[in-house]
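Please have the viewer open as you read.

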Amino acid sequence: MNTIREKFNIIDESFLKTAANVIRFFENEEREEMLQKLRMAVENRYIADIKLQKAEQISETLSAQYGEDESNLQQMLEEYKQQVSQINPDVIGLKHLQEYDKKVEALLQAMAENDQLQNNGDEDIELMQGTVNVIDPITKKRMVDPMKNTCGHSYERESIIALLKSNKKMKCPVPGCRNKNSIEFSQLQPDIVLKTYLSQHPN
Ligand SMILES: [Zn+2]
């Protein structure tokens, strides 16, 4: 993972934290409106990301095409400007934006279940614990800072780091997990949805 990608991950994480706070502290139209504004900011950020990547590709292609000959510089710049102005990223199809939407959806769902739980009293606690796993599969303790693997399973940050130190070829420890690849720490993402859920359901 390069540093730019890492920075983007940090930005993504803060967008999601903001969404979690909006969902936590606002209701109805106000929540809807703020989430929409936030989504627009997320979308703009992906547009900027894609434009930057495409502009870099164009620049590389043109450099290769025109070579070092400086007499062509003006023409090359014109062509660069023209090609860059035609970049039109199809944001809707972007995997990342869809991922963001999914995570916000999960946050809303967790919040709706939480509201229902408060209305119905303690009877539904069993159900809640059935739908959201808060237990670290490694230590069997309640998680505090969960990290999500590509298979969708989450582990406590500290315990997965410790486990990977003792065994670099460690696979997902959740029984029945279909992911047969070794765990790469760089591929784990902070599980914001679960972390928000945990902070809303102390103990
Ligand atoms: Zn797994």
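What follows covers the zinc ion and then the sheet and its helix.

This is a predicted model, in which local features need pLDDT of at least 70, side-chain atom pairs count only at pLDDT 80 or more, and totals for chains, interfaces and linings use all residues. Numbering starts from 1 along each chain as its sequence is written, and side-chain values use heavy atoms, without hydrogens and water.

The zinc ion is held by C151 (SG), H153 (ND1), C172 (SG) and C177 (SG), at 2.0 to 2.3 Å. Donors here are N, O and S atoms within 2.8 Å of the metal (3.2 Å for Na, K and Ca). The angles among the four donor atoms are 107 to 114 degrees, making the site tetrahedral (four donors with all angles between 85 and 135 degrees). Along the sequence, the donor residues follow the spacing C-x1-H-x18-C-x4-C. H153 and C177 link distant parts of the chain, 24 residues apart.

Strands (DSSP E runs of at least two residues; helices are H or I runs of at least four) form an open antiparallel sheet of three, ordered β2-β1-β3. Pairing requires at least two DSSP bridges. β2 (154–156) and β3 (189–190) are the edge strands. Three bridges join β1 (residues 146–148) to β2, and K148 stands opposite S154 in β2.

Notes. Tetrahedral: all angles 85-135°; square planar, octahedral: opposite > 155°, others 65-115°.
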